[in-house]
Every structure is written in C-alpha cells, then in structure tokens.
Amino acid sequence: MDVTPAGVGGGVGAVRRGVVGGLVDELMGRYLDFLDGYLRDHPDQREGQAHYNAFRILWPHLQADVAGTERDCFSVDARLPAFLEWLEKALAREAIRRRWVRDGEMTGVFWAAVDAVNWRGHDVPGALRALAGGEEGAYDRVVGAVADQRSRVVYAVLAPALPYLMAVTTQVEQARNVGIRVLLDVLSWVDWDGEPVDGAPHPDAVLRGLEGYWGYIDSMWSPEARELTWMMWDGPNAPLRVRPVR
C-alpha cells in the first residue's frame, strides 16, 4: 500500500530541494554556528555531550526522539555519527513543518501535501479539515478514516496519516482536545507486539509517524495529553519504551 506522505519519511534526499532544501541548510547552519559558540563557552564538555546540549536548546520539542535511543550521544560519544545522521533527517522534517503552519493555522502547502497522497479511499483529507476547523463530529470522522471503531482495528493508512494528524493536533489550538482523544484511542488499538496482521500498519511505521511531535504533546497539561504521554512512554508495555524508534 503506497501511501507515503509527500515529503515525509522519504529521507533527506526526497526533500532537499527548492525552498525546503534551503530551509534545511539554514537550520543546519544555525545548529553548527550555535554549536561553535557552545563549545567555546563549555570547553569541559565532551563532543557528544556538547552536540546533544546544543540540539536540546535549539529544538527542545525534538529531544524526546533522541533521549534513551541508539542516537543519544549525551553519554556515549560513539553514538555521534548516528545522531548527526538522524539530525539531518529531523531537520528536513522540521523544514517541512515550518511551511505547514502559519499563525496557528495550516497553510495551503500543508493541504496540498495532504491532498497529494493516495489515501486509497480513506477520507483522511476531509477528516483532517474537519479537525482543523473544529467541526462537530470531527472525532468520528478522523477515527473512522484511520480505523474501524467497532472492531478497534487500525488501518494501514494510520501510519502515513500520523504526521499530518500530529501537525494539526499540536499546531491548531481548536483541534487539540479532539486530536488528543483520537490519538489516545487509535494508538491504544495498535498491536505493538510482533508483526501486524494483513491491512494493519507495522508498529515501527506508526512510531516513525509520531516523530518530532512529542515535545509539543508533553507541553500540554490537559489530563488527556498527560494520559497519552503516560500510555506511550510509561504505561504497561509502553511502545516508546519497548520499541524505540529506529
């Protein structure tokens, strides 16, 4: 099922072109300039530690995607190459997100990216528009687009839909409460143990679709956001603990 979101999850080579490529270069240049100053101000820190701290200061919302993984170079300098490889991909996604949101609303660039995906008959674009517009019934529309509510089985389309769903949920204020409720339910229906059944997304693909947004979720203090964070990180068989994102 080829439903890879345009410009998301395809690696740096798929997005380093035009305006987006320029933004990636700008972000990486900003990081390296900041790192130079940080190293001068903190000569006692190891290389990996300094890289991690400079990154954490610039993009705190991305820290959750690094801490405790094989790319966490804070304590182990040997992980620095893996960290830098991941950082370039993360900044490519960050550059795309910068074009997706303006003044708390999703831009035409975002909706064009959503509409460009072959959703194979699932009305993900309509559901996301309902969510972003704060429409009544948005919860049922979004859940129905990515899962069967009766059987609580998620469709394969959930994984490529997640970057867009997370973007709307975290960046559009009127969408947050409903978006968090959707995430609480559909992510609890994912089979995180073992291989997926036919028609369901691979759990690793689901986790990749969530990358880059946990810092935003963690900054929300609603009971639902707290519950979502607990479920994914600390609950029984928490997927972000037992299946770290690769």
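The structure holds 1 cavity of 30 Å³ or more, a cavity being a set of points on a 1 Å grid over the protein atoms alone where a 1.4 Å probe fits but cannot get out. The largest cavity has a volume of about 40 Å³, taken as the space filled by probe spheres set on the points, which are joined across faces, edges and corners. Its lining, made of residues with an atom within 4 Å of a point, consists of Val 124, Ala 127, Leu 128, Val 142, Ala 145, Val 146, Ala 161 and Leu 165. Two or more of these residues come from each of helix H6 (124-132), helix H7 (138-146) and helix H8 (158-171), where helices are DSSP runs of H or I with at least four residues, and strands runs of E with at least two, numbered from the N terminus.

This is a predicted model, in which local features need pLDDT of at least 70 and side-chain atom pairs count only at pLDDT 80 or more, while totals for chains, interfaces and linings use all residues. Residues are numbered from 1 along each chain as its sequence is written, and side-chain values use heavy atoms, with hydrogens and water left out.

Across the protein chain, the secondary structure comes to 13 helices and 4 strands. Of its 246 residues, 49% count as buried, that is, under 20% relative accessible area with a 1.4 Å probe and protein chains only. Of the contacts (heavy atoms within 4.5 Å) between residues at least 6 apart in sequence, 62% join residues at least 24 apart.

Note on methods. Buried means under 20% relative accessible area, exposed over 50%, partly exposed in between (1.4 Å probe, protein chains only). On a 1 Å grid over the protein atoms alone, a cavity is a set of points where a 1.4 Å probe fits but cannot get out, and a pocket is an open set with protein on both sides within 12 Å along at least five of seven lines; lining residues have an atom within 4 Å of a point.
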